[in-house]
Amino acid sequence: MSEHITKIREVLAETDMVLGWTASGAGGVAAPARFHTAEEAAAAVFDSTCVHNLAVHLPRLKGRTVGIVAKACDARSIIELIAEREIDREQVRIIAVNCPAVLDVKAIWSRYGYGARVEDDGSELRVNGEMVDRKTFVQAKCANCTESKFASASASERLKLSEDFKSMSVEERREFWRDQYGRCIRCHACREACPMCYCRDVCIMQTTDPHWTGGGIDAGEAEMMQLIRVNHLAGRCTACGECERACPVGIPLMLLMEEQNRAIKEMFDYRAGIDPEAKPPLLTFDIKGDAWGDA
Amino acid sequence: MRFISGENIPELLESFSAGGSVVWAPRELTGSGGTVLFERWQTGDPIDLEHFSSLSAKDVVLPRTEKLFGYTYAFGGGGLGTSGLGGPSVGGLGGALGGAPGEKLVIEPAPPEPPTVLFGARACDAKALNVLDALFNNPEGSGYKDPQYQSRRDALTVITLACTTCDEACFCSSFGSGNAEKAGSDIILYPADGGLLAEAVTKAGEALLAGPLFEETQMSPPPLAETTRIEGLESLEKKLPGIFDDMDFWQRISERCISCGFCTYGCPTCYCFNIHDEMKGDREGERQRTWDACMFALYTQETSGHNPRPTLAHRYRNRINHKFSYYPENQGMILCTGCGRCIRGCPAGLDIRDVLSEALKESSKEQ
């Protein structure tokens, strides 16, 4: 860990702050922190409970030079933010970390109780001192990650849901989502946790003038809200999974993003957050109708 | 002490239902990764009395969306008329809705509240109802009497399950009698061999326990769980104003926050609401009251464009001050029961207990 701290201190010398993690989060796992001084950086950690995508803070910190600790999936969000000219490459220092595949901490706590002690030394994963199978609790996104040694190895219930969803008929999907949206409370955690949702206080889902969406909190409004959210992320979603992780009522929102990302890949041969120079397909306007032309 | 066997619990709920009551009970939802919520119970629905719910039970008195009244513009008749609402506000209301001359505005009042049973609430949920009563149903004290709230509250029976286990986020012991709190409940249930022990708190609860599904028992209740206790939270009422202007402090403690509204929507005592009209076409609509959250920027956005709480730190400061200073000052109670839902559900790993401890420390430093 001392190497990690040294790196953060180096970057701090040329930035206003570094976004990273400390071990002092709720429930005894890592939580986001801002390091402004070398002393503060002494508390920096990186482990498999560093689940958050810290890129979400970058648009809020525009105008300042910021260092950021990033997993491979988080880095994609940073690249996409640069590609969209939302943040300035010159004002960001990226500290890449070797990601051990992060844990679905919620799934662990759902089984062992909130705050159950999670210890991971990189090889053995223990919950309340008892060894558990890592494959069951690795986040579903990590199973599809080309950087991860757990690629395709996850045995989580969530990954099974992704598989089941693919084989559902349109009617079954409609039924499925009606059920899921019924418990949405419109807390907007999905939006606020998303690094690409940076419209902030002028979001179409809450503006009152014009009043684009209804103000009610019910399955119908939730469906509308999610369709808007998903569409606004077409070709921009970097599949970090934060919308779903943030959802306090367990709506598997990444099923929507996964479907759309697949469609974008097929139609435009595009994956968001790979190339900072790339033109995102839906941000490309071309009167000749050639989305890939240089006109 | 009374006793009900495990297999008789669905029958008990069924008897409420058959008697015309709406029943709310906690249930694990399918395909939700183990999320437990209070839902309207229907015959045959499973209930989950083991896990702690992700959201509070406040829907029973403060629905996430409620219709205050419906309205229709009708042609004909002379001038703007109203029906269904009494009092001097009617003229102003008609004006606000913008009826043109020659139109008649017809108001359709919200239907009366059905009797409701909340089953399986925890002490922190039940106490929260008491805390909310101090504002919404308190003409002598706060001066407010919210008719919708009051009619729901009057029609509500609260059956609470005492906590014999707790988790790391629970901190109800920091407030009054903690999980031994009986305020807000009609009946307290305790886990027991083969069923539940039941103790009446109110006359209404006593009448229910006299029913045939309950029997007399000599068993005594099990010991309750010991939750985290933070000392000195009452002192924040007087201490928080001292650090109100210390924006560096509020900035620092809210750094982690991403400004979603979960902590308020999951909270049993957060009651802020928005009122808006939802039109269906251009002739009719309904006036709705929905949950709103002080963590949203638009919450205090004024028509002029000015926002008195322009940053996340300002909004977070308000949330803490409202709960631990303004509400105690105005209503005589802390607006928190230590249920821990804001801690368990925070997507950014922010723990309000850390914030409160920091605030206590900071305010002693400055005084």
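Visitor: How many residues does the contact take from chain A and from chain B?
Guide: This is a predicted model, in which local features need pLDDT of at least 70 and side-chain atom pairs count only at pLDDT 80 or more, while totals for chains, interfaces and linings use all residues. Residues are numbered from 1 along each chain as its sequence is written, and chains are lettered from A and ligands numbered from 1 in the order in which they are written. Two residues are in contact if their C-beta atoms, placed from the backbone, lie within 7 Å. Counted in that way, the contact takes 41 residues from chain B and, from chain A, 36 residues.

Visitor: Which elements give two or more residues to the side of chain A that touches chain B?
Guide: Helices (H or I, at least four residues) and strands (E, at least two) are DSSP runs, numbered from the N terminus. On the side of chain A that touches chain B, the elements giving two or more residues are β2 (31-35), α4, α7 (157-166), α9 (189-192) and α11 (242-246) of chain A.

Visitor: Is A:Ala101 buried or exposed?
Guide: A:Ala101 belongs to the loop between β5 and α4 (105-112) of chain A, and its phi is positive, near 75 degrees. A residue is buried if 20 or more other C-beta atoms lie within 10 Å of its own, exposed if 12 or fewer, and partly exposed in between, with C-beta atoms placed from the backbone. Because A:Ala101 has 22 other C-beta atoms within 10 Å, A:Ala101 is buried.

Visitor: Is A:Arg85 buried or exposed?
Guide: A:Arg85 sits in the loop between α3 (72-83) and β5 (92-96) of chain A, and although A:Arg85 is not a glycine, its phi is positive, about 60 degrees. Most residues other than glycine have a negative phi. Since A:Arg85 has 10 C-beta neighbours inside 10 Å, A:Arg85 counts as exposed.

Visitor: Which residue stands opposite B:Tyr71 in β14(B)?
Guide: Two strands pair if DSSP finds at least two bridges between them. Strand β4 (residues 65-75) of chain B runs antiparallel to strand β14 (residues 284-291) of chain B, and seven bridges join them. Within β14(B), the residue opposite B:Tyr71 is B:Gly285.
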